[in-house]
Amino acid sequence: MIVLDTNVLVSGLLNPVGPPGQLVRLVTGSRERLAFDQRVIQEYREVLARPHLGITGDEIESVIEAIEQDGESVVARPLAVKLPDPDDLPFVEVAASAGAAALVTGNLRHFPRSALGRLGVTIVSPAAWLSHIAREER
């Protein structure tokens, strides 16, 4: 089970060919489970609905439905962690509370290891997570 940063979801929907797109297919195809809470779902909805992205309401609902149906809703405990972008804190809280294998993001610098290492939250790029999956499947 992983936590997917919003930037990976957006990138995957806009470009289905790259690593983020592969992860979105794994998530919507029930091959990768996501941990989430309502704050994460709300951010997904708000960001995906930005008009300049051109993602339709049907596409948004389809992705959110797949995440909610096949993922795991968690009650995230608050953490006293300082991040460069405080809006990223819910993703860390969900990952820590769910015992997620990783938080997958395209913005690694937003999640400094110095702040997160003691929490046991692994932060990886989409490409690194896909490599991990490939190694596990061997």
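Reader: Which residues in α7 are buried?
Author: Let's settle the word first: buried means under 20% relative accessible area, exposed means over 50%, and partly exposed is in between, using a 1.4 Å probe and protein chains only. Helices (H or I, at least four residues) and strands (E, at least two) are DSSP runs, numbered from the N terminus. In α7, the buried residues are P126, W129, L130 and I133.

Reader: What kind of model is this?
Author: Residues are numbered from 1 along each chain as its sequence is written, and side-chain values use heavy atoms, with hydrogens and water left out. Local features need pLDDT of at least 70, side-chain atom pairs count only at pLDDT 80 or more, and totals for chains, interfaces and linings use all residues, as this is a predicted model.

Reader: What do the buried residues of α7 line?
Author: P126, W129, L130 and I133 are the buried ones in α7. Seen down the axis, they fall within an arc of 100 degrees (an arc of the directions from the helix axis to the C-beta atoms), so what they line is one face of the helix.

Reader: Which residues in the largest nonpolar core touch the most other members?
Author: A nonpolar core is a set of buried Ala, Val, Leu, Ile, Met, Phe, Trp, Tyr and Cys residues joined through side-chain atoms within 4.5 Å. The largest one here has 49 residues. Those touching the most other members are L4, Y44, I67, L103 and V104.

Reader: And which helix gives the largest share of this core?
Author: The core in question has 49 residues. The largest share, 7 residues, comes from helix α5.

Reader: How many residues of α5 are buried?
Author: The list takes in L89, P90, F91, V92, E93, V94, A95, A96 and A98. What covers them includes β1, α1, β2 (35-36), α3 (38-48), β4 and α6 (113-116). So to speak, α5 is mostly covered, and its buried count out of 10 residues is 9.

Reader: Which residue forms a salt bridge with E137?
Author: A salt bridge is a side-chain nitrogen of Lys or Arg within 4 Å of a carboxyl oxygen of Asp or Glu, and the whole structure has 5 of them. In the one with E137, the closest N and O atoms are 3.3 Å apart. E137 lies in helix α7 and its partner in the loop between α2 and β2, so the pair ties together parts 106 residues apart in sequence. The partner of E137 is R31.

Reader: Is D37 buried or exposed?
Author: The side chains of D37 and R39 meet in a salt bridge (2.7 Å, N to O), and D37, R39 and E93 are linked in a network of salt bridges. R39 counts as partly exposed, at 37% relative accessibility. D37 has a relative accessible area of 7%, so it is buried.

Reader: How is the aromatic pair of Y44 and F91 oriented, and what is the angle between the planes?
Author: Rings of Phe, Tyr and Trp (its six-membered ring) pair if their centres lie within 6.5 Å; planes under 30 degrees apart count as stacked, over 60 as edge-to-face and the rest as tilted. A search of the whole structure finds 1 aromatic pair. Y44 and F91 form this pair, 6.3 Å centre to centre, linking helix α3 to helix α5 across 47 residues. The pair is tilted, with an angle of 45 degrees.

Conventions:
Contact means heavy atoms within 4.5 Å.
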